Amino acid sequence: MKKIALKFCGGCDPEYERVAYFEKARREAGERIRWVNLDNGDFSAVLLVNGCRRQCPEREVKSKGKPVFTVKDDSIEPEILIQEILSICIAGGNRDCNSR
């Protein structure tokens, strides 16, 4: 089971239901991912769930030195997001899951 830190933006101006999106992703991940707090320190990667394209908390997340998966909207199916996290997070580097 991989430990992935989860960080939500503050939600000041969300353009989609970011919590509902994450809940779908969490269900898809099932027991394969253990979601932890960003302050935990013991994780393989970070999932940053932004409500819009401003990505306010990105600097804080990238300062942790772990691979970052960034969600800016709900255009990527949660199933694909989880597949990418599970296949790439150990390899390292930053990854924007909406950058294809």
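The model is predicted, so local features need pLDDT of at least 70, side-chain atom pairs count only at pLDDT 80 or more, and totals for chains, interfaces and linings use all residues. Residues are numbered from 1 along each chain as its sequence is written, and side-chain values use heavy atoms, with hydrogens and water left out. The protein chain has 3 helices and 5 strands, where helices (H or I, at least four residues) and strands (E, at least two) are DSSP runs numbered from the N terminus. Read from the N terminus on, the order of elements is β-α-β-β-α-β-α-β.

**Overall picture**

- Of the 100 residues in the protein chain, 44% count as buried; here buried means under 20% relative accessible area, exposed means over 50%, and partly exposed lies in between (1.4 Å probe, protein chains only).
- Among contacts (heavy atoms within 4.5 Å) in the protein chain between residues at least 6 apart in sequence, 65% join residues at least 24 apart.

**Strand β1 and its partners**

- Strand β1 (residues 2-8) runs parallel to strand β2 (residues 33-37), and 5 bridges join the two. Strands count as paired if DSSP finds at least two bridges between them.
- Within this pairing, K3 has R34 in β2 as its bridge partner.
- Strand β1 is also joined by 5 bridges to strand β3 (residues 45-49), again in parallel. For L6, the bridge partner in β3 is L47.
- Together, β1, helix α1 (residues 18-29) and β2 form a right-handed β-α-β unit. Right-handed means that, with the strands pointing away from the viewer, the path from the first strand over the helix to the second runs clockwise.

**Nonpolar cores**

- A nonpolar core is a set of buried Ala, Val, Leu, Ile, Met, Phe, Trp, Tyr and Cys residues joined through side-chain atoms within 4.5 Å.
- The largest one has 18 residues, and I33, L47, L81, I82 and I85 have the most contacts inside it. The elements giving two or more residues to this core are β1, α1, β3, β4 and α3.
- Another core, of 8 residues, lies apart from the largest one; A5, V36, V61 and V68 are among its members.
- As background, nonpolar side chains tend to be buried together in soluble globular proteins.

**Salt bridges**

- The structure holds 3 salt bridges, each being a side-chain nitrogen of Lys or Arg within 4 Å of a carboxyl oxygen of Asp or Glu.
- D42 and K3 meet through their side chains at 2.7 Å, N to O. This pair links distant parts of the chain, with D42 in the loop between β2 and β3 and K3 in strand β1, 39 residues apart.
- D42 is partly exposed at 45% relative accessibility, and K3 is partly exposed too, at 24%.
- R26 pairs with E23, with the closest N and O atoms 2.5 Å apart. These two residues sit 3 apart in helix α1, so about one helical turn separates them.
- Both count as partly exposed: R26 has a relative accessible area of 36%, and E23 is at 26%.
- E28 forms a salt bridge with R32, where the closest N and O atoms are 3.9 Å apart. E28 is partly exposed at 30% relative accessibility, as is R32 at 41%.

**Two buried loop residues**

- G51 lies in the loop between β3 and α2 (58-62), and its relative accessibility is 1%, so G51 counts as buried.
- Leaving aside residues up to four places away in sequence, G51 touches C9, D13, P14, E15, Y16, R18 and K72.
- The C-alpha atoms of G51 and G11 are separated by 5.8 Å, although the residues are 40 apart along the chain.
- I76 is found in the loop between β4 (68-71) and α3 (78-88), and its 14% relative accessibility makes I76 buried.
- Between the C-alpha atoms of I76 and Y21 there are 9.9 Å, with the two residues 55 apart along the chain.
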